[in-house]
Amino acid sequence: MTKIFFPKIKATITNYQLLSAILCTFILALTIDSQVFAQGTTPTDDEVNKIAKQLYCPVCESTPLDVCPTEACRQWRDLIREMLTQGKSETEIKQYFVEHYGPQVLNEPPNRLVTYIVPIAAFLLGAFMLFRGFQAWKKPIATQSALMEKARADDRKNGRKGISPIQDPYIAKLEEELKKRS
Amino acid sequence: MIANLGYGILTVTFLVTLYSAFAAIYGESKKIPAMVESARRAMLLTWPLLTLTAAILIYLLVNNHFEVQFVYEVTSRSMPTYLKVTAWWGGQAGSLLFWSWLMSAFASLVTLRKWDRDREFLPWVIFVACITMSFFIGMNVFFENPFAQLYQNQTTAAIAPHTFQPANSILYIAPDGRGLNPLLRHPGMVIHPPMLYLGFVSFVMPYAFAIAALITGRTDDRWIRLTRRWALWAWLFLSFGLVLGGRWAYDVLGWGGYWGWDPVEIAAFMPWLTGTAFLHSVMIQEKRGMLKHWNMLLIILTYDLVIFGTFLTRSGVLSSVHAFAQSAIGPLFMGFVSLTLMGSVALIIYRWDSLKAETEMTSLLSREALFLLNNLMFISILVVCFWGVIFPLISELFTGQKVTVGPPFYERATGPLFAALMLLMGIAPLSAWGHSTVRTLGRAIWKPTVVAVVITVAIFLTYTHNVYALIGFFLVAFVILVTLYEYWRGANARQKTQKENIFTALWNLTARNRRRYGGYIIHLSMMLMAIGILGIELFQVETQGTLEINQQTSVGGYDVIYQDIARFPGPDGREVTRAVVSVYKGSEYLGELHPRIDYYFDAQQTMTIPGQRSTLKDDIYVLLVNWEPASATGATFKIYINPLVNWLWLGSLLFLVGIVIAAWPEKDPEPVTVRASRTVQQTSAAD
Amino acid sequence: MAELTNTAPRRGVPIWIQIIIWVFLVGLLVIVAVQLNRAQEGTVQPGSAINDFTFALFEGYEYNGQSQIKLSDLRGKVIVINFWASWCKPCEQEAAALQAAWKEYESTGQVVFIGADYVDTPTEASIYLKKFNITYPNGEDRDLQRKRPLSQYFRITGVPETYFIDNEGVLRYVHIGPLTSLEDIRAQIDPLLK
């Protein structure tokens, strides 16, 4: 009587389940999303939502399927329920959705490598640049102490007493501050 | 009539901003100070003009002038007056005007300060501000006229919006408006967009100064000094806009979430990331004179992300619940984005050499080094976000396949980075500027680490074995301990030297070092928010089911009994379906909740309002999913238990406190000026 | 006084870095611009030649004894493609008119009506088709040749939408929204039959 309307997938179901599936669907069509008391294998809303959570509404914008309130989304959740009743696994259900509605229904791009490689590469690049920066900036310490050594040596040679401006760290800092604030 | 007046004033303002921009640079290049002054005055004129325009629009909105297209689209007779006013930013045309109005306010504020020492910046700041303003006003004038009126063609009976009355048509006055999207008719909606816009727009000013600095070649610290406070306030508004958005989503959108990694949310988040990085690395430039290029880059990046984000939201390129409907402004915006992006990059390359710095780093554990690591983390998170937003576009272009990048990607990619940031938040306060060794740092760190480990073990034994949660709580405890320790250390020092009691010590400590200790409060507040986020993300439980009257369902330790339901007309033109459920915990009766569904006739949209009960421990959040009076079966409910989520909101309140403290104007110790007498006065007055 | 600072001579940004930056920037802008263009394109416009596609029909539907329709096989006939969905309320308004039109033109053999079910569930689709007694060829919105939705090729902006293609495979008219009046349908088909 009721035909399964997609030639690719043929479900093998018993007549009894067929009858209850028809009944389910019919009542579902009238009373949206209410639970029907079919025998035994009717999945709970939670089981449906567990899968719906991982999918996005094919039509509304960026809305996960488990929270989307539209008529269409209720139908898709019912479809998941139907497929669970038929004993389909989570992977099979997601596969079905991708085949019929496109890969945009998944909440992650199917090609994981490409998605993750860019941020990882960027992070490594940044870390590398920072590392090189640290190296470059540490060098002047050697220059600095060398300069101070040279200044001290010069002073001793010229018999200058006291601290020359270069050596006095306070004065050096002051000059730096003044330079900055000018 | 009055609508045409509004349009006229808007057009005049457009011309004024163009004049101001070009007079500024013309006067600068030909060395005519009078022209620059004229440009400045013209810019001051924009705010009164735009206020007048806005006042006219609000008048039209409040008085149900449905012949005006914008009024028809965003208001209806049944809306309360305050919502009609806020409908100003409830649609594309109005929100563009709102943007321009805010920009003119900030631009005017900037030009009202004393410019004696920074005369060379002024023309360029005016130029950047006015070009941006003229772009946004131009979009209103030429593409999205908020004052366009509806005319009905006498022959075809077609109704269309026009700026000027076309031939053979008469004004069409609809009996009622379409009304604001019901999702937007909520107090949260009143504040969230203005806050965000305030944040976006106020980042334009630091950018203007940066550009001015690059163009004039005055790339020393001056531009940063001038705009540091602007950047802080901009960051405050943006942060608060983001937090308000999260709270509003949680309360109103009916999916029990506060952040969905929606592309438009991310578009607002990206400038926040670079803004936070900027706030930290600017301290390095001040204390050690380093990173001039980097700070320049950061502020340019922030502005460009703001513009780019606005473009993505309004052009229809992205699909999102937040996005405005497609319109003609897309290509124009694209042009503006390209120009500003390429212009800023060209400028910074041109001036690369002048951003000379005294860069030296004595220790890899010094505060500068840790701040740089912090910047690396923020930028990496930025890359993750940007890539997630752009990837669907690239995928569709090159493979023809549409893909969705959803929360799993963002959570996996940013999780470790946020964790690293928290670790840095704990270590950096203990390290010193310029010099820190493993020994000095280690000595300071080991105590908080040990206590944090103890706390984590306690959590392991009592609450959860979830690895991510344990790492998260360890980091939270670590940061809180370190920050409190910093407070204690500072207050203790004051107590000893100033002989103050602990409370006075804490008060004075914070008051005298607002930026530092306000910043610590911000860090603390972030940790509270982290507690909330860890709770709801890792431990949320939910269930959905259909209940008959008096039937019960249980989840997360709570029992919920469906008591009653009723359907009745509500205010503001809606139909309310309201359920009553009782909540028990074990044998203890906790009260009633009233989840409901509101159906708005004019907009033909439903809103699901949850019934919530909030405690520090968790939230019970009940949604009425469906109920039909005709059906024999019961009502369908969805129940979320969100542990610890209220720490998120608590944290955001503390955040507000922290940032107000940090941004509160201190007497900026101005450097010595030329005249000696003033110098004496300055030093004695300085704290 | 000697400089204690690191003032190594700079020579601006190295040229290879500049090239990378500009390539990246321009590339990004081009990608976004192209996508923006696409987003703003709207549906396929009248005057365009329609590419060949193969369309599978639901069980219980056939055309010329086949359960698939190939567009190129239909050259010489007027084709009406209607995009609909069971969850689409306005679609119900036009269902009767479309079926009546089909009944009128079916016997001439010069017109083919095709119903493409857009983003729908098989169960609901069959209920809808039965409810309105729709007999013209109907199937899931999919082009088997290019393995992508037919609606993507036509760049539909929503449902319902109806596309009228003349007997040389050129699109002549796009109707957005429900086609509730039989006269309107005739008015579009009759000129194409001459």
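What is the mean pLDDT of chain B, and what percentage of its residues reach 70 or more? The mean pLDDT (the predictor's confidence in each residue, from 0 to 100) of chain B is 87, and 94% of its residues reach 70 or more. This is a predicted model, in which local features need pLDDT of at least 70 and side-chain atom pairs count only at pLDDT 80 or more, while totals for chains, interfaces and linings use all residues. Residues are numbered from 1 along each chain as its sequence is written, and chains are lettered from A and ligands numbered from 1 in the order in which they are written. Over residues 669-687 of chain B, pLDDT stays under 50. For that stretch the model has nine contacts (C-beta atoms, placed from the backbone, within 7 Å) beyond four places in sequence. Where pLDDT is low, the predicted coordinates should not be read in detail.

Helices (H or I, at least four residues) and strands (E, at least two) are DSSP runs, numbered from the N terminus. In chain A, helix H3 comprises residues 71-85 and reaches 21 Å from its first C-alpha to its last, close to the 21 Å expected at 1.5 Å a residue; the expected span is 1.5 Å times one less than the number of residues. Twelve of the 15 residues of H3(A) are buried, so this helix is largely enclosed by the rest of the structure. Buried means that 20 or more other C-beta atoms, placed from the backbone, lie within 10 Å of the residue's own. Among the buried residues are A:Trp76, A:Arg77 and A:Asp78. After H3(A) comes A:Gly87, whose phi is positive, near 90 degrees.

Chain B contains an open sheet of three strands in the order E2-E1-E3, with antiparallel pairing; two strands pair if DSSP finds at least two bridges between them. E2 (159-162) and E3 (169-171) of chain B stand at the edges with a single partner strand each, so one side of each lacks a neighbour in the sheet. Four bridges join E1 (residues 149-153) of chain B to E2(B), and B:Leu150 stands opposite B:Pro161.

Further along chain B, strands E11 (residues 611-614) and E12 (residues 618-626) pair in the antiparallel sense over four bridges. A hairpin joins E11(B) to E12(B) through three residues, and B:Gln612 stands opposite B:Tyr621.

At the interface, 45 residues of chain B are in contact with 38 residues of chain A. On the side of chain B that touches chain A, H13(B) gives the most, with ten residues.

Methods
Two residues are in contact if their C-beta atoms, placed from the backbone, lie within 7 Å.
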